[in-house]
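Please consult the sequence and structure shown here alongside the text.

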Amino acid sequence: MKNLAYKVLLTTAFFSLMACSSTNRMTMGITQPAIVPIPKDVINIGIVNRSSASEKNKVVDNIDKILSLEGLNLDREGAQYAVTGLKYELERSNRFDAVKVIDNQKDIEKGLSVFPSEISWDIVDRICKENDVDVLFSLEFYDTDTAVDYELTTVKILNNLGIDANVPGHRIKLNTVIKNGWRIYDPSTRTIIDEYVSNDRLFSSGEGINPVKGLEAVVGRKEAVLSVSSKLGTNYALFTRPEKVRIARDYFIRGSNNLEIADRRAKAGDWDGAADLWYADLNNVKNKVAGRAYYNMAISNEINGNLNKAVEYASKAYTDYENKDALRYLNMLKRRVVNQQELNRQLAK
């Protein structure tokens, strides 16, 4: 009974604190600038694959042999899936007139698990002119490395009587690391627009009566690697366009009658009506209330896209009324102003 009473007391205290909170949280959608902006005059994209399946070390047993032989094909196919994923997502944006995969460029030095030297600009110029593309995306390297972990265990097999029998066996765990690197070449300015490296990991396991059978039981590994590789290309393409995200903001709901009524209006979706009451409290005789009103007016202006005005209100909430929450919010707003300027610059090109 004492434990139950204690839990009830804690629960009651928790909800009491929630009910007495001076702020409420809202979310809004914003658009962030592209991480990797592509010049506005670019209408045709070329993609080349510089990666090459690395030669594995000489093998010493059957399991290493299986992994090595599979690895050669897996690297080759995984790189193709990465390129295909990139091409698909660039096309899906509907921004470019054409996205072309350019094969059989024998004069391009291949990359093995690390960034190779940059393609010479003479070769970049030639490839772009021959294929009528404006910039060149290059998969500079792609590589999969797999570590094997052995473990003795017990496995079930059917005996001659058709009955499951427990026999000594092997469990094998595979840890596959997928590494890839990209560059974007702009021949018009002879600059590298972007250089990017990413790694991803896959874990799989299987078991059998001997190590080779255990490895054979690891099903779906190849399909998983190819799926991840495709997503790696897709994700890199997403870096080239603005992204819509949701952000959270806290606004004040207590301190005056106006703040409490405004909260109910905000919850009902009437943000303009809430702003009328916050504005009315800017000259409240209580500095604490006035500071909260200035803070909330910054929120209102951010909602309406008036970022510079939001900065003014948040700044005054901090400097004139010592609202400590306003300083953190002010820094958020300043970052948003910079991001919005970059977004406007990207869209205006």
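Apart from neighbours within four places in sequence, tyrosine 329 is in contact (heavy atoms within 4.5 Å) with Arg249, Tyr295, Ala298, Ile299, Glu302 and Ala314. The model is predicted, so that local features need pLDDT of at least 70 and side-chain atom pairs count only at pLDDT 80 or more, while totals for chains, interfaces and linings use all residues. Residues are numbered from 1 along each chain as its sequence is written, and side-chain values use heavy atoms, with hydrogens and water left out.

**Overall composition**

The secondary structure comprises ten helices and seven strands; helices (H or I, at least four residues) and strands (E, at least two) are DSSP runs, numbered from the N terminus. Of the 349 residues, 40% count as buried, a term that denotes under 20% relative accessible area, with exposed denoting over 50% and partly exposed lying in between (1.4 Å probe, protein chains only). Among contacts between residues at least 6 apart in sequence, 72% join residues at least 24 apart.

**Nonpolar cores**

A nonpolar core is a set of buried Ala, Val, Leu, Ile, Met, Phe, Trp, Tyr and Cys residues joined through side-chain atoms within 4.5 Å. In the largest one, which has 33 residues, those with the most contacts inside it are Tyr251, Trp278, Tyr295, Ala298, Tyr329 and Leu333.

The most is given by H8, with seven residues. A second, separate core of 27 residues includes Val36, Tyr142, Ile184 and Ala237.

**Helix H6**

Leu259, Ala262, Asp263 and Ala266 are the buried residues of H6. Seen down the helix axis, they fall within an arc of 110° (taken from the directions from the axis to the C-beta atoms), so they line one face of H6. These buried residues pack against S1, S7, H7 and H8. The face turned away from the buried side of H6 carries the exposed residues Asn257 and Arg264. Glycine 269, whose phi is positive, near 90°, follows H6.

**Lysine 324**

Lysine 324 lies in H10, which covers residues 324-348. Lysine 324 counts as exposed because its relative accessibility is 74%. Between lysine 324 and glycine 291 there are 33 residues of separation in sequence, and the C-alpha to C-alpha distance is 9.7 Å.
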